[in-house]
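Dear colleague,

I am passing on a structure that I have been looking through and that you have not seen before. Could you please read the notes below with the model open beside them?

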Amino acid sequence: MIVNMSASATEEEINHVVERIKECGYLPHLIRGAERTVIGAVGKNRGRRSELEALRVAPGVEDIIPISQPFTLVSRELQPQRTVVRVKDIAIGGPEVVVIAGPCSVESREQLLETARGVKAAGAKMLRGGAFKPRTSPYEFQGLGVEGLKILKDASKETGLPIVTEVMGVEDLDDVAEYADVMQVGARNMQNYPLLRRLGSVPRPVLLKRGPGATVKEWLLAAEYLLSGGNPNVVLCERGIKTFDPDLRNALDLAGVALAKELCHLPIVVDPSHATGRRSLVPAAARAAIAIGADGLIVEVHPCPERALSDGPQSLDLPAFAAMMTSLDRAIALAAAAS
Ligand code: PEP
Ligand code: MN
């Protein structure tokens with residue numbers, strides 16, 4: 001439920017509505033716009049809806065609008081203007097397309113530093129790299145753990161690139177939060193509710209990947225966990241959904257990106273590496289993502305993909321990444337003209 005206060009509502013009237021929302025068994029969520037205040041009443045257990053609806057006649061209230069989606073805080077019905085997530089001096093969700101790049105896994109100091117220097121020179125604004133790796137097989141490389149986080153930090157200090165790295169479980173959360181600028185929730189963990197709840201109270205932006213079998217609404221409800229837990233700094237990431245086609249690792253759901261942007265005010269980045277699984281397709285998928293309105297990209301890059309310990313076949317080498325970056329300009333101009 002959304003309570004639209006009138007432009008002339010006083011602080012006292014706003015506070016009264018906030019108190020009444022609580023008394024009705026809901027959580028109030030204030031958005032103070034330039035002209036008026038909007039208050040979301042977020043369902044907590046089973047609130048008393050008819051009492052809430054009666055607030056329509058409370059002083060200072062202009063209207064009460066029932067929300068048509070199962071989510072509230074991420075919804076554009078509550079907040080039509082787009083959220084911009086700030087990471088140091090970088091803004092995700094603003095006019096600039098932000099490219100995050102780096103290896104699938106941190107493998108060694110040399111590998112990461114070479115990648116970090118190369119992607120920075122080509123125009124990447126943030127560095128990715130997994131230290132805790134969710135692998136389909138328990139026999140595959142599982143990541144360097146805290147040692148990998150330390151290497152990421154050193155690369156960040158040298159290049160100035162903020163770090164995006166995955167947190168796999170609540171048990172690693174404190175370690176990852178100590179080193180990461182952005183906490184990545186991997187596709188396999190999109191519905192790990194204990195993890196999402198904990199991340200709600202961590203003072204770090206979260207990159208929330210879409211589960212390979214998740215609908216757009218399930219993805220947005222996962223983001224709702226983070227916002228309702230108190231963390232407004234969430235970036236969504238489309239990384240492909242399950243496909244029947246054995247020649248593609250996943251299917252890049254571009255319409256899902258457009259739908260998520262229509263329903264939700266959070267910024268969205270696209271991962272063309274996991275979405276395709278093939279390095280030859282990554283630049284085209286990246287351009288398509290930008291053309292449809294993605295706010296950024298997260299791309300896997302390795303100095304020598306044939307030696308990569310994970311996801312080599314979908315990793316660009318440094319010259320291919322630089323070429324892809326140059327090829328994005330037209331898509332960026334097209335998207336800017338369309339918005
Ligand atoms: C990754 O970013 O390397 C990764 C494991 O991604 P996803 O969770 O999308 O599979
Ligand atoms: Mn990967």
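This is a predicted model: local features need pLDDT of at least 70, side-chain atom pairs count only at pLDDT 80 or more; totals for chains, interfaces and linings use all residues.

Residues are numbered from 1 along each chain as its sequence is written, chains are lettered from A and ligands numbered from 1 in the order in which they are written, and side-chain values use heavy atoms, with hydrogens and water left out.

Ligand 1 has 13 residues around it, of which R128, K133, A187, K209 and R239 come nearest (a residue is near if one of its heavy atoms lies within 4 Å). By type, this shell divides into seven charged, three polar and three nonpolar residues (Asp, Glu, Lys and Arg count as charged, Ala, Val, Leu, Ile, Met, Phe, Trp, Tyr, Cys and Pro as nonpolar, and the others, Gly among them, as polar). Oxygen atoms of ligand 1 make polar contacts, meaning pairs of N or O atoms within 3.5 Å: a polar side-chain atom of R239 lies 2.7 Å from one such oxygen, and for E300 the distance is 3.2 Å. The protein covers 98% of the 290 Å² of accessible area that ligand 1 has on its own (Shrake-Rupley method, 1.4 Å probe).

C104 sits in the loop between β7 (98-102) and α3 (109-121) and H274 in helix α9 (residues 272-276), so the two tie together parts that are 170 residues apart in sequence (helices are DSSP runs of H or I with at least four residues, strands runs of E with at least two). Both are buried, C104 with a relative accessible area of 4% and H274 with 8% (buried means under 20%, exposed over 50%, partly exposed in between; 1.4 Å probe, protein chains only).

Finally, a search of the whole structure finds one aromatic pair. The ring centres of Y193 and Y225 are 4.6 Å apart and the planes stand at 25°, so the pair is stacked (rings of Phe, Tyr and Trp, the last by its six-membered ring, pair if their centres lie within 6.5 Å; planes under 30 degrees apart count as stacked, over 60 as edge-to-face and the rest as tilted).

Conventions. A polar contact is a pair of N or O atoms within 3.5 Å; within protein, one must be able to donate a hydrogen and the other to accept it, and residues adjacent in sequence count only if both atoms are side-chain atoms.
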